[in-house]
Structure formats: C-alpha cells, structure tokens
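Please look through the structure below with some care. A short report follows, beginning with a question.

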Amino acid sequence: DDSLFSDNGNNNNNNSSNTTTNLFYTRVVLVLLILAGFAIILVLIDSKTERSIEDDGVVDRFQKSKTGGGSARGRGGGGGAGGNNNNNNEHDILGFHSPSMESIYTNNRYYKPRGLGYVNAPRGGLHPLYMIDLTSDERATLGASEEYDNENGDDYEFSPYADVRLEMTEDERKAEREAWSRKLKEIREEYGYWEFDDDDDEEHSSKKSNNKGKKVRRPTVDWIALGEKKKGAYDYDDTNEYGVAWSGEIDPGDFPPGSWQTDPTYVSSFLVQARALVKRVRRSIYDEYGWNEEEYANGGIQFPDSDDPVKKGGNGKTKNVAWMYEESVLALSRKLLRAMMTNDHFYVTLGGHSAAAGHGNNFLQSYMMEFQRVMEPVFDRLGMVLVSSNLAQGGMGTLQLALAGSGIYGVKRDFMIWDSSMTERDGRAQDVFLRQMLLSGETVPILFDMGGGRAAMDKIRAESGAHVGGAAGGGLFPEYKNTTVNFSEKKYNAACWTGRIDVPDHDVQYEGYGGQKSFHPGNYVHQSSARKITLVFLRALDEALTLWEEKATAPKDEGGGIPLDGRYWHLREEDKEIRRALKSTDVNATGCGQMFGMIQRLCTTPMRGAGEWTPRRDPDRSSIRALAKPAEDGYVPGMLGSHEQLYVTRDVLQPQQRVPMGEVDVAMVARSLPPMTRRRGKRSRSLLSRPTSFANNTHSKMGLESPVRAHHVRRHLDGDTKIVPGQGWTVEGHPLGFCDGTSNSECYREKTNHCLMSGHNDARGVMKGDGLSGWLVLQLKDVTEGIFMSRMESYHDYNSNVRTRGWTTVNNRTEEDGGRQRRELKNEKLPETWQFELAVNGVLQYSWNSTEYRSHCYYLAYNNDICVLWDDESRANSSNKKKEDVEIAMRLRGEGGRTSLIAMTHVYYA
C-alpha cells in the first residue's frame, strides 16, 4: 500500500515526485532483502541435505520398517537388492579408514561409503552397518535424542563407566570421566594413536571439490553392478541372496580412477599408520602379560612346517600361544588383504560346547566377545568390519549345527573355530564339522582348533590342503603392576545385574551366577584365549602389510604397483582346489563316512539347513519357520506365547568387570585416537536414545499371532495336490530377541528373566506338530542331491502341542468344513495307527508306521537323533543334475490326534 510510505498520508503534488522516487528505492531494498533471505534458506536446506538421507534404497527400507516390513534398527543391513548404489549423493560420510562412531548405548553406525561388505552386511540386531545420517523424521520414529551427543555416547573420550544409565551420583560420574581422560592421555603418550584420517587431511580428502565448489566423495566400486557383470564367473556351490557368486576378487582395472585403492600417496600413508596400529596392539598384549620381544619373537606363533628353528619353536627360548602352518598364515593374510582391498566384512565364527560359549561368565566375557572388543577397532581403522559370532551351545557339540552347513553358521565364514573336545572326543563329529565348513558357503575358511582337535585338523590338511592352526598352552593371567588379584580365588566376576536406572520394571535378579563349574573357565582364561587368537591375526596382518608395502613399490613387470595386483589377495582358485579334493576323497576312510554310513554322499556335499536352537547367524532367516509355506489364512508357525523384551539396545558395561585403573587396557590401546580438539569437532552426530520398546521391532514382541514371515521365494505346487499347509504347528522354547551370537545381540530380555544381563544366546527351541496339525510344507531352494534330514526329539510329552489344545479335528475344522472328530487319547502309547507321511513337490513318497519311521532315525552322538526322511540317490546320480526348488511336506495322521506328536529342532538338505 503506497500510503504506508507517504508523509502522514499527504499526497499533494509538491512532494509526489519525491514520494515516487522514495517508493521505488524502498521496493528495491525489500526485493533484495527477500532474495537474500531465500538464498540463506537455500544454503541451510543444502547444508541439511548433505546430512540427510537422499538414497532411495535407504529411504525405502526405512519406510518398510515403519510399516512393519522389518526391524527398524536392522534396516539396510543387506541393502543391495533394491538399494540405490549411486555414489554421487553428497552425504556426511567418513572415509574408509576414518574411525567410525562407536556408541556405548546403541549400534555402531558406520558412516562410510559402501564397500563389498555392504552387500552382505548382517541384518537386524545392532550390527554395525554402513549407514547415512538419520533425518529428523527417522530420529523421531526411532526415539532418538540430542541429549547425548558428541561429548557422550559416541565420543571416544566419554567413559562407558560414566554411562548415564548407571546408578551414580554426578560427582562420581565426573570423577570417572576425569580418570578416563587421564588414562586416554597416558595411552596416547605411551602407545600412540591412529592419525590417518582421509576426511580431515586435505592430502587424502575423500571430499574433493567439484567445479561448483561442492564437496564430492571419492569414487567407489559399484559392487552390485560389477557383481551382476561377473555373475557366474566363480563356480561356487552356494551364492548369496543377490545371486552374486563371487567374493570381491576383482581385477585392478575394476577399481575406478581416483578411488583410494588407486592413489599411491593415500596407500603409502595408510600403510604407515596400519603398521603402527598392529605394533602397538601387540605391544600392549605383551605389556599386559609381562612378556618381552625375545621370548615371543614370532609374535607368539609356532610354525610347525618352518625350516627356521626359531619359527619352529624348537630352540627352547621362544614361547608360543598358538601354532599355525606358514602357508596357513599366508592364506589368512591374503584373506585380510582381500577384505582390506574391498572394504568387506570379515567373519570369525565359533562352534563349540558350554565352556566355549562362556557359561559361568557373562556372554560379553566369553573369548569370542573379548576378541571382538579388541579387534573391532583395528579392523575398522583398516577399512573392514569385523563380525565375531559365538555360536557355541551348552551340553552339546557342533554336529547339530554343522549338518546345516552354511544355513546356521552363515554363508560367509573367513575364520572358523572348533572348540568342542569336551563333548566330541572321538573325532568323527569334528570331521563332519571340518568338512562342512570347507565345502559349504561362499568361501573356504581358515580352520582353528582351541584345543584337543589337532589330529583331525592335520588330517584334513593332508587330505585337501586346507589351512589350519590352533591355540597352544593353558590359561594365562595378566601381570598387574598396581593391582593385586588372587586369580585362583577370583575365577569369575560375572553378575546378573548391576546398578542401573533405566530398567525399573524388572523382577528380582539372582545374586549368584549359574554355570560356574570346575570345567568352565573363568573370565581371565577366556581373556587369554582371546589374546591367542588376536596374536594370530596380528601376525597375519604383519604379513599382509609387508607384502602390500613391497608390491606397491615394485615395478609393474614384477607384479608391483597400485592397486595391488589380485594375485596377492585372490583365493578363488585355491579354494576350488580344496573343495575338489574333499569331493573326490575316499569317504570310507573319513570320520564323517563312518558316522554317516547310511548316506555317505553327505560327506562330500555342501549341506544347508535351518533350526530353532539359538544362537544362529541371521536368526530370522535361518529358522525352520522361515522355510515354512503359509497356510491359506496366512498362518506360519509362530513362537509360543506373546511377550515383550523388557529393554533394548546395548547393555551397560559392568564396572566390576573393567580393567583396573593403572593397568594395561588392550582394547583402549586398540581404540586410541587423537584428542577431540585435534579433530576440530567434525563428528557432531545424533545418537539413538535408549527406548524401552520399539513398536515396529519384530524381535521385541513375538507370539502365535505375530509369527516371523518366511523370506524365501514362494512357489506354489503344480496341479491339485490336496497338500495344504496346516495351522497346527508351532515353536516353543525359542527366546525372544535377536539371538545371533554377536556382541550386538539382544536376547532373553523377558521381564520374567532373573539374570537379564547374562547376555547368553544359548536356547533350545523346538517345532511341534501332532495328528491335528496338518501338513508342514517347507520350501527348499536349489536342491541337487535329494537329501532331507531332521534332528528329532522323541522325549516330549504327548498332548504337549499347545497350538492344538482343545482341537478335535485336523486344523480345527468343523464337520461342515470337512473335519472329522477324533477322540482325545489319555494313554502314553503311540497309537497303532500312528503314521508319518512325506511328500515331495506334491507327490506322496511314503507313509511310515512308527517302526518304519524309527528305522530311518539314527542316534549318532549324544542327544543327536538324526532322521533321514528323503534320500533320492537317482537325483544325486543324474547326468543332468541341476538346481531345483523343492517343496517338502510332512504330517502325522491316524487316530492318535494330539497323542501323535513329533518335535524337530533342525532340518538339513542338499
């Protein structure tokens, strides 16, 4: 309105000219101010966009989590199939070798570009994922908070023992923070710290400026596109979910120009820091135990095949904590080089008994978790993601899991540990374990014995060329300089609970701690076992870095140069030779062949399988339920009961279990970083808070009405088969939560648990069905050998299938629906009409009575009753053998009703 700019509304002709002139300039100023405001807003939006999720794949997965399509906290783990692999988005992502966020409250969120590991990243739970900054909407949905930002949860200078969840006064918390800061300073001065940062160092910047002045990331390999291009190039028996049958063994020319692998300056600086990191971690272990370099000249490793007497350990001076053949150490070094070159995940997996599981101790005190605690930051700085899994189970050995091949231990295993000499003493079950670990999965692992199984290791090496090693010596105790500990009296320091304020609604917790038997080692012995494995890896890293340094500066015509030539880190051909040898072996001469005389081709066949015992790798996808075809109403066998996890996210660390102040803390040395002031505050990141429940978390609440849906491709039976999935199968005894045997697992946190912070994943679920349950239809992919077996439990009470309680007809149908009334039997004898039926692809194979059924079941080892339910040798011997998706359907029928019961814990197939 012009009157707003006039002199008291006076519009006479004398000043109209001046007024018009003034009005013009005023409007110009206003327009300029508005434009400037818009410019500021655009800058702010652009700045925020750099920190937001623009990747359609991540957004899509997040939307699925909000609509119940997956665990909110597990989103994006597998990533590759539907994700956008565009590397041009400008996100605030760290370089490959910058220290990742390591929150004490929740999962490690790896702000890094996508390496090969992104394709196969673990799903669910609190696993470290390659993730981009959360948007404000995501933070709100996940319960995120700004309350604990830089100087708290993801600040490496913030003590985990000043955790806001711990019951402490502010003065106590302040004192703890100050003491922690002093210890960090001492470590930096004594041991040094990781100084390589390709974000902060302009020379190595992964955010070069483009011609518009904006920061852009270094180019990275488009792994999914390259995988499709090279699909079928590697003839492995198993492939991962995306059909990429290879493991990153690409040619030097496949790395795009400008990627870090092609930059000599970058690689040279990185190798200097990598060397220093390995050296200081090893030195801290020596200091922890009071060792000297001369005593452990080989890094504590004995090389039985070496011509060098010092390496061989026969000169009487050198002490050893482990043994490994020289070519096996070199094979491990090549595996590590491959993971470093491709920024892959590296999987270290344990199979064993209760002592290996860590019974008597908290789960995080078991040697696998202690190994993860020390080596996770080492792998992170070197551009890898370490995933250590403790899949040991109390009271058992490894047979029940080994028969599932890659199904339960995981399709990718780089380093496989056997620790079951207490329960598998005759070598036959160990032989099954070793063969299946070598035959199944994407890659051939290094095999490692923790004691008592070296003879079997040497035998499999002589037969196939497999790479093996093992631990040596007994338990070791740290040599504290300022603390007195009676290790014989203080064997354990486990506890069910510690003072914390964030979980008020829990039942009374046990004051004592179970499982503390004479044959279960305490926490100090577990720690020493972890150090032995750590020293093996440090030695292999030495070999890897030495080779990389030598070849990086060697002439091209001598196999040198950057990127490092594949001949130094590819293992595919060697893996194939090992598998060829195993498949052509004389099975009769093997422990496996002697144990499985009824179906010996199992010993030369890569098996797969699923189960209801925990822990399991990728537990949602490795359950029998995940193989089940839904009933007509959508029902898939669910877990018995309906409960909630009492709390989620990482547990607090227990103060009584910390390394005493004034003593060497190896994990702190491994994590050592510059003071925050040196890092110029470039790590301002939000932190997921500590919610007590997640509405969309499929792991926090499960019951009969909310079963886990099968993830496998559905293939309907052809024709009118009359085989319809039943509604009377269910699972009991399976714990709530995400029980995958890693340090990020969340397991057994029901309100009724009286030892909530035990952390153990060890449980025995069972799938039950009876004469009223109908057909259980399992969908098996890529079957070639015609093998289907199951571990059965015959000791469950009749009438114990809760799902069919009160039913009198199959699937609880009325007579109008075609149901037929059955009488409820009261005795405990199997009815004479008890019949077990099995069909393959809709064709009935047999109908066995109880005697015929039992004749196909074999008690092979303690508590392992394995039933061979389908053995089609004609399929295995076919000259035109090919992979086929198969539907296996089984049921109980007859007059027994609920008295006719079967209980299965695992299924195995090939």
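What is the handedness of the disulfide of Cys739 and Cys747? The torsion about the S-S bond of Cys739 and Cys747 is about 90 degrees, so this disulfide is right-handed.

## Basis of the model

This is a predicted model, in which local features need pLDDT of at least 70, side-chain atom pairs count only at pLDDT 80 or more, and totals for chains, interfaces and linings use all residues. Residues are numbered from 1 along each chain as its sequence is written, and side-chain values use heavy atoms, with hydrogens and water left out.

## Confidence

The chain averages a pLDDT of 80, and 73% of the residues score at least 70, where pLDDT is the predictor's confidence in each residue, from 0 to 100. Over residues 1-17 the pLDDT stays under 50, and over residues 138-152 the pLDDT is likewise below 50. Where pLDDT is low, the predicted coordinates should not be read in detail.

## Disulfides

The structure holds four disulfides, a disulfide being a pair of cysteine sulfur atoms within 2.5 Å.

The link of Cys857 and Cys867, with 105 degrees about the S-S bond, is right-handed, and both Cys857 and Cys867 are buried.

Key. Contact means heavy atoms within 4.5 Å. Buried means under 20% relative accessible area, exposed over 50%, partly exposed in between (1.4 Å probe, protein chains only).
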